[in-house]
Structures are given as structure tokens and as C-alpha cells.
Amino acid sequence: MRTQVVIVGGGPSGLLLGQLLHRKGIETIILERKTRDYVLGRIRAGILETGLVDMMREAGVSDRMDKECFIHHGTCISYENEMFDINFQELIGQNVIVYGQTEVTRDLYDARDACGGRTLFEVEDVEIRDAETDSPHVTFTIDGSAKRIDCDFVAGCDGFHGVSRKTIPDTVRKDYEKVFPFGWLGVLSETPPVHDELVYANSARGFALCSMRNEHLSRYYVQCDLDDDVFEWSDDRFWDELKRRLPESVADKLVTGPSIEKSIAPLRSFVCEPMRWGRLFLCGDAAHIVPPTGAKGLNTAASDVHYLFKGLVQYYQDNDTNGIDRYSERALARIWKAERFSWATTNMLHRFPDQSEFDLKMQRAEIESLHYNETAQKWFAQNYVGLPY
Ligand code: FAD
Ligand code: DHB
């Protein structure tokens, strides 16, 4: 087989890149290790920045999003019984939308089907070869038979556990990592959201987050121990713990019900540099991870896709390599700022096992600065709605 760009990974990064390139007449083949149902069954991000929303429009996949999304003009932060709102619209004239990653992915798969784009599911043993030359190729097995695709470029969109990042030799690649000493237990429930905006809660019992997908579907998280087993968390235990971490005015309104999904995710900050090796480009979780506080994971994946898409179009349309040559530098400049925001927000809102009384006072002072200082709120708002591309 031959194509212009092989995309390894059929998550949101790979699908969005494939759709944008297709609209410019650039051919791709997507290789996905799992089934489509498996990819669509993963409950992940829920908040989209304007940059990602604009790219969904540019990719021609925004009809359902525009109809079904909820616009959020701000977000709430609580500490014990205090709660305040950071109003992005008033502070900086921008907002975010609530539209789940599952829906983004579904819309992108539907669009790919409609335009006849090729996606191969359940591929195994993917290997990226000769990426440092002008004629890379990708080998894999599917239904037990070995295959090879020759291509101009490879986009490594295969997430944190994929093969793409590991293809870059250790002598070239440097990984930066911080692992946090706790996880998030997330619950999806068919109950109305407790509040019309998200609530990020700092409490003596640990962090909690109230989010949503629509008016009948809520998404909640509580900070948990890394070695907690999800089966030890009955629905009753989860609701009870969540309530104890929220201000009374919010907890009193909480509508509980059976969970329809429950999972634990570890929290880490991770960046791999560079994000390009020869004709291999890393995008999204393949290159970097943020702790989820601040909802940057999916949105940073989208900004990578933006820079890579622009670079590839410049290459194919104008025979100009400037965009792909500067891809890693441009993507990383934005990534590190999103890493800093996610790390700072995680530090501000969680309880750490080794936190001293002094550390707690510092954390409290930081939250109060955000509560009462408009400049601090503007910084938060600019980062939350997403830095410009
Ligand atoms: P992925 O979504 O990971 O997609 C990569 C794809 O590549 C997958 O479909 C995988 O099956 C495939 N793949 C992997 N290896 C191979 C291979 N060898 N060959 C072929 N295919 C391969 N972000 C937020 O903003 N908010 C959240 O609440 C949030 N919650 C999260 C919860 C969890 C458990 C995780 C893991 C992430 C969460 N994130 C969240 C982060 C966000 O979901 C990711 O940033 C986003 O999915 C990145 O998209 P991606 O396409 O780069 O990677
Ligand atoms: C969601 C997840 C986040 O990490 C976040 O900061 C906001 C919302 C969510 O899943 O809805």
C-alpha cells in the first residue's frame, strides 16, 4: 500500500488530522489498535477550547456540536464553604464549550466514513521504519497477515502508550516527567448536573470536580489514592465522599443515582522533546500528558494537530518545509504553558500526602489571591479558555 500520510492512532488527534488533511486533498490511512466501539467507549475529556471548536468547523464536523454543546462563560472554584466564579466572558470576552470527547470522536469517525477515508482497526505490531529518511514506511499485522504502507510522512497520534514516541532514539529524545501521588476517580451518571457551571473544589478531604455532558448526564471526580481499587468504591461511598468535599450550598442540591461508568486515572505531567524525528511527527498524548485539572489534555492535542496540519499543507501546496521544520518548536512553546497551568491548578486544588501546615497556608493564600485579585483571574481565564495558536 502507499499513501501520503500514515496516521498511527484513531483517537481524536489522528481523526482530526485525517479529516483536515482530507479537506485539502491530502490522502491518509489511519491505523488503530482497538475496535471503533472500544475507542468510542472511553469516557474522557468534556471541555473544548475555542481553538478546537474552530478546527472542528474547519474540518466540516461541527453541525451536531453546534446544536448540542453548552457554552460555559465561566467556572466556579470552592474551598471549604467558600465559592467564587471566574467569569471568562466578563474578564476576557471568551468562553469554552461542554461537548464530550466521545461525541467529538464519533462525529469525526462519521465524517471519515462519509468521505471514504481508510481506517484499519485492530492492527497489531505497528512499527515505523526509516523515519529519518525521505521514504519512511510502516509495517503491521492485521487479521494475521503482515502489511506495509509506504508514505511521505508518519503522524504519531497513538497516545501515551503508543509506539511512535519510542521510535525516536533515546540519543535524540528527552522525556520530562512528574508523577503526582494521587489519582482521580471519575463517575458518569444519568443525573442532572449539580450546578450550571463546573465546580472545582479544594477541601480538607481532597479535590473534587463537578462537571457534566448535558442536562441529564453528569460527570464527577474525586481525588483518590493511587492504589485504590475502583471496586472498593460503591456508588454510595462515591456520592458520600463527593458531598463532603463540596460547599454545603452545592452538596445540598446534588442529585445522586446509579453510576454508568466508573474509573480511576493516575495524574502525571509529561513532555517529550523533540516532537519530530525526520518524517515522524508526534501529536497529542503521544508526546505529552497533563494532569486533568484545567481540562487541557484534549485541547493540547488539538493545537498540535493545528501546527502539523498547517505545516503539511504548506509542504504539499507550496513545496515549503518551513511549517514542518518548525513544528516541534511551535507545538512545544504552547505545550509547556499548558503544562504549567495544569500543574499549577493541580497544586492549588489537591491535598498532597507530604503537605506541611506551611504548605497548606500557601495553598490557601493562592486560592484567596485568585478569589480576590482580578489580574490573577484574568491569567486563569486566558489559560482556561486556551492560549492562542
Ligand atoms: P488517545 O485518545 O490516547 O488516542 C490514541 C489512539 O491510538 C487510541 O485510540 C489507541 O488505541 C491508539 N493506539 C495506541 N497505540 C497504538 C498502536 N501501537 N498502534 C495503533 N494504534 C494505537 N483530558 C481532559 O482534557 N479532560 C479529562 O477529563 C480527561 N480524562 C482522561 C482520562 C483518561 C483515563 C485518560 C487516559 C485521558 C484523559 N484526558 C482527559 C486526556 C485526553 O483524553 C487526551 O489528551 C486525548 O484523548 C488525547 O487524544 P490523542 O488522540 O492524542 O490520544
Ligand atoms: C472534565 C474533566 C476535566 O479534567 C476538567 O478539568 C473539566 C471537565 C470533564 O470530564 O468533564
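A polar contact is taken here as a pair of N or O atoms within 3.5 Å. In this predicted model, ligand 2 meets that criterion through the side chain of Y221, a polar atom of which lies 2.6 Å from an oxygen atom of the ligand. The protein backbone takes part as well: a backbone N or O atom of P292 is placed 2.7 Å from an oxygen atom of ligand 2, and a polar backbone atom of G294 is found 3.3 Å from an oxygen atom of the ligand. Taken alone, ligand 2 exposes 290 Å², of which the protein buries 97%.

The shell around ligand 2 consists of 14 residues, among which Y200, S211, R213, Y221 and P292 come nearest. By residue class, this shell divides into eight nonpolar, three polar and three charged members.

Strand β10, spanning residues 137–142, pairs with strand β11, spanning residues 145–150, in the antiparallel sense over six bridges. Within this pairing, I142 stands opposite S145 of β11. The two strands, β10 and β11, form a hairpin with two residues between them, and D143, which lies in the turn, has a positive phi of about 50°.

Methods
Residues numbered from 1 in each chain as written. Chains lettered and ligands numbered in written order. Predicted model: local features only at pLDDT ≥ 70, side-chain atom pairs only at ≥ 80, totals over all residues. Heavy atoms only, no water. Near = heavy atom within 4 Å. Polar contact = N/O pair within 3.5 Å; in protein donor to acceptor, adjacent residues only side chain to side chain. Areas by Shrake-Rupley, 256 points an atom, 1.4 Å probe, with all protein chains shown as cover. Nonpolar A, V, L, I, M, F, W, Y, C, P; charged D, E, K, R; others polar. Pairing = 2+ DSSP bridges. Helix = DSSP H or I, 4+ residues; strand = E, 2+ residues; numbered from the N terminus.
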